[in-house]
Amino acid sequence: MTLRLLEFVVGGNEASDLLPVRSAALLRAHGARRGFWTVLDEGPVERCLALLLERDDGAWVAHHVAADAGMENGRTEDGEALAHHDGWVYVFGSHFGSKAGPLRPRRAFVARFREDDAATGPLPVQVVRNRFRVHRAINDALAGAALTPLPPGERVRARFIVETLARGTARAKSWVSRLAPDDLPLNVEAAAFTATGTVLLGLRFPVTVDGEPILVELAGVPAMFDAEPAWPLAVRAYALSGVTPPGALTGFRAITAGPDGGYAAVIGSIDALGKGSVLLDDHPGGGEVTARHIRFRLPAGPSPALVGDPADVPAGDTHLLAGELVADLAPFHHVEGLAELDGRCFYVTDEDHRVALWVG
């Protein structure tokens with residue numbers, strides 16, 4: 001595949017994820033024929049939303065979006081994943097920490113906004129900080145799943161779980177009750193809503209004991225934004241098989257829903273090389289991995305969220321999803337976003353202090 005490079009400077013920051021603009025009003029406001037949302041991964045979410053736009057004359061431009069999260073301004077960081085649902089664009093925080101730990105509560109958030117609102121002025125953004133409720137739900141789901149997650153190494157457990165518990169206890173934080181000493185640290189990197197309203201969260205870490213990427217299906221995400229919030233339930237976990245190179249560890253980097261009911265995704269390294277990653281200290285097989293563009297489908301039948309009880313879902317290998325390789329994206333290690341639009345592939349890569357959009 002031949003790729004054309006487009007480079008932008010947007011707030012001196014790197015980009016995460018790539019989501020096609022659906023709002024005709026927003027495109028008209030910028031004189032654009034197509035565009036993508038991206039989220040800049042350092043800083044609070046209201047300062048990290050950007051548009052990459054192809055104008056009607058064919059020129060590409062970047063636009064840093066002015067936004068306002070009200071009382072939540074300045075209280076989030078590390079937005080990683082974008083997804084459309086029911087007229088909203090959702091932004092998911094990583095729920096992780098720095099590369100050396102500990103977990104950071106500011107990264108445990110979900111935000112949302114309406115695209116049309118970005119056409120007329122400062123964009124109102126709703127933010128819910130879940131204070132490790134999503135962490136708890138996913139860890140409980142993984143503990144009971146048919147797949148087997150790779151256990152964290154001792155340094156990972158000490159830096160991300162033990163230290164987070166110690167800090168929270170010392171500061172009398174109520175969220176410590178949602179962490180357990182044997183928890184897995186979660187790094188959410190990708191998201192896509194299903195046709196039934198659940199959301200698939202792609203994890204960069206953990207991976208399975210065989211090094212394969214893990215997806216967790218959450219129900220009830222929109223209810224987090226109700227006046228009386230209800231918290232999401234993790235209803236099923238999946239492992240993506242057949243696309244991880246032998247001896248490597250691969251995690252999700254991006255997911256996008258396709259028009260045929262399937263999904264496209266990017267998988268790659270579990271963390272960046274040369275940046276002091278404790279994950280790679282304990283799991284060196286997860287660093288020297290180049291990105292891959294793959295496709296997969298969910299198993300037929302309703303999810304447990306829809307049948308009312310996970311026990312009602314047939315047992316067996318429905319947690320294993322067969323992946324299909326679309327393209328090996330070597331030599332790229334840090335592909336952060338993917339879109340398939342108008343018969344073309346678009347990728348965004350994590351570059352120092354710039355946004356790189358690659359068009360296939």
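Modeller: Asp260 and Arg297 form a salt bridge, with their closest N and O atoms 3.4 Å apart; the term requires a side-chain nitrogen of Lys or Arg within 4 Å of a carboxyl oxygen of Asp or Glu. Asp260 belongs to the loop between β16 (251-257) and β17 (263-268), and Arg297 to the loop between β18 (292-296) and α5 (304-307), so the contact ties together parts that are 37 residues apart in sequence. Helices (H or I, at least four residues) and strands (E, at least two) are DSSP runs, numbered from the N terminus. Asp260 is exposed at 53% relative accessibility, whereas Arg297 is partly exposed at 46%. Buried stands for under 20% relative accessible area, exposed for over 50%, and partly exposed for values in between, with a 1.4 Å probe and protein chains only.

The model is a predicted one, in which local features need pLDDT of at least 70, side-chain atom pairs count only at pLDDT 80 or more, and totals for chains, interfaces and linings use all residues. Residues are numbered from 1 along each chain as its sequence is written, and side-chain values use heavy atoms, with hydrogens and water left out.

A second pair is formed by Asp342 and Arg34, whose closest N and O atoms are 2.9 Å apart. Asp342 is exposed, with a relative accessible area of 57%, while Arg34 is buried at 15%. Both residues take part in a network of salt bridges that also links Arg33 and Glu54.

Across the whole structure, a search finds 22 salt bridges. One further pair is Arg354 with Glu7, at 1.9 Å from N to O. Arg354 lies in strand β23 and Glu7 in strand β1, so parts that are 347 residues apart in sequence are tied together here. Arg354 is partly exposed, with a relative accessible area of 26%, and Glu7 is likewise partly exposed at 48%.

I turn next to the sheets. Strands β1, β23, β22 and β21, in that order, form an open sheet of 4 strands with antiparallel pairing; two strands count as paired if DSSP finds at least two bridges between them. Its edges are β1 (4-8) and β21 (335-341), each with a single partner strand, so one side of each is left without a neighbour in the sheet. On average, neighbouring strands here are turned by 20° against each other, direction ignored; axes are lines fitted to C-alpha atoms, for helices over the stretch in contact, and angles run from 0 to 180 degrees between N-to-C directions. Within this sheet, β22 (residues 344-351) pairs with β23 (residues 354-359) in the antiparallel sense over 6 bridges. Phe346 stands opposite Val359 of β23.

Strand β3 belongs to another open sheet of 4 strands, ordered β2-β3-β4-β5 and paired in the antiparallel sense. Its edge strands, β2 (15-20) and β5 (60-64), each pair on one side only, and the twist averages 25° from one strand to the next. Strand β4 (residues 49-55) joins β5 in antiparallel pairing over 5 bridges. Here Ala50 stands opposite His64 in β5.
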